[in-house]
Amino acid sequence: MTSTQTSPLPFLKGHGTENDFVIVPDTDNAVELPADLVARLCDRRAGIGGDGLLHVVRSAAHPEARAMAGEAEWFMDYRNADGSVAEMCGNGLRVFARYLEHAGHVTAGEIAIATRDGVKKVHLDKDGSVTVSMGRAVLPEDGVTVTVEGRSWPARNVNMGNPHAVAFVESLDHAGDLFTEPPYAPAEVYPEGVNIEFVADRGPRHVAMRVHERGSSETRSCGTGACAVAVAAARRDGVDPAESGTPATYTVDVLGGTLIITEHPDGEIEMTGPAVIVAEGTIDPSWLATATTA
């Protein structure tokens, strides 16, 4: 998208457990989305507002997804609220699938969606919930220490296609305001930045979390973060489905609702939660021209 855009740009707004997104349908990958424009669109005062942007493109039309077109017709070109490109977003994937259903591209049941972290399987349930196959967690041995207002905690390194640092705390208030990224060390463990989760216990296999998302500040929910938290909590509790042969399910409360995370013996992780389309409309081309020159 450039300042030469002369027609209104269609958009939708959706959320998954209040992790909200601007959705830009663009079947043929004809819309340019430079980082500054994405940031303006996601601005909650000067734009539409969102924790990120879902660029909806056919896989065959996007150079990063063309090789996956045989497995998945649609590619989730995900951007953080600051305009940076991200590998994956679990809540975004549920909302992306809900949009495809809303637009008549798919029906309830199993679908496949291409992401920068590979092809993900999604099940659109008739009850309104969406279950996403999130892949397998990688647990690097190197972790970090996270510090907030004089308190420090060790944080477990969990990679869900994007990097996470999971710290267990007595109270979620200990995370501070999370407007800015909490300091962590050693910084070289996460050369491209990290999502930081603070986790408190609520009961057996039930935890609550707050998260500072890389590129987006604190968000109401983070799907990959909830998966990382469930895996970290399971290992802390001595639970490993690969060893027991039994799936492990954790309930993860986020600020915007609740997600159910199940890790299977083969390592595959499923996340179930709501996804809602809130509104749709068009963006004025004169605003677009201003947004790309501001």
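**View 1. Helix α2 is mostly covered, with 11 of its 13 residues buried.** Welcome to the first close-up of this predicted model. Helix α2 takes in residues 90-102. From its first C-alpha to its last it reaches 19 Å, close to the 18 Å expected at 1.5 Å a residue. Look for its buried residues, including G90, L93, F96, Y99 and L100.

View 2. Among the buried residues are G223, C227, V229, V231 and A234. After the helix comes G238, with a positive phi near 80°.

**View 3. The largest nonpolar core holds 52 residues.** Which members touch the most others? They are L100, I113, M209 and I261. Helix α3 gives this core its largest share, 9 residues. Now zoom in on L100: leaving aside neighbours within four places in sequence, L100 is in contact with V56, W74, H105, V106, I111 and I113. Another core, of 19 residues, lies apart from the largest one, and V148, W153, A165 and A208 are among its members. As background, nonpolar side chains in soluble globular proteins tend to be buried together.

**View 4. The largest pocket contains about 180 Å³ of space.** Which residues line this pocket? You can find A39, C42, D43, R44, R45, G50, D51, A81, S216 and E218 around it. The lining divides into 5 charged, 3 nonpolar and 2 polar residues.

**View 5. The peptide bond from A185 to P186 is cis.** Its omega is near 0°. P186 sits in the loop between β11 (184-185) and β12 (195-203).

**View 6. E18 and N29 have positive phi values although neither is a glycine.** Most residues other than glycine have a negative phi. For E18 the value is about 65°, and for N29 it is near 60°. E18 is in the loop between β1 (9-16) and β2 (19-25), while N29 is in the loop between β2 and α1 (35-42). Are these residues buried, exposed or partly exposed? E18 is partly exposed, with a relative accessible area of 35%. N29 is also partly exposed, with a relative accessible area of 24%.

Terms used
Residues numbered from 1 in each chain as written. Predicted model: local features only at pLDDT ≥ 70, side-chain atom pairs only at ≥ 80, totals over all residues. Heavy atoms only, no water. Buried < 20%, exposed > 50% of the residue type's maximum accessible area, 1.4 Å probe, protein only. Helix = DSSP H or I, 4+ residues; strand = E, 2+ residues; numbered from the N terminus. Core = buried A, V, L, I, M, F, W, Y, C linked by side-chain atoms within 4.5 Å. Contact = heavy atoms within 4.5 Å. 1 Å grid on protein atoms, 1.4 Å probe; cavity = no way out; pocket = protein on both sides within 12 Å on 5 of 7 lines; lining within 4 Å. Points joined across faces, edges and corners; volume = space filled by probe spheres on them. Nonpolar A, V, L, I, M, F, W, Y, C, P; charged D, E, K, R; others polar. Expected span 1.5 Å × (residues − 1).
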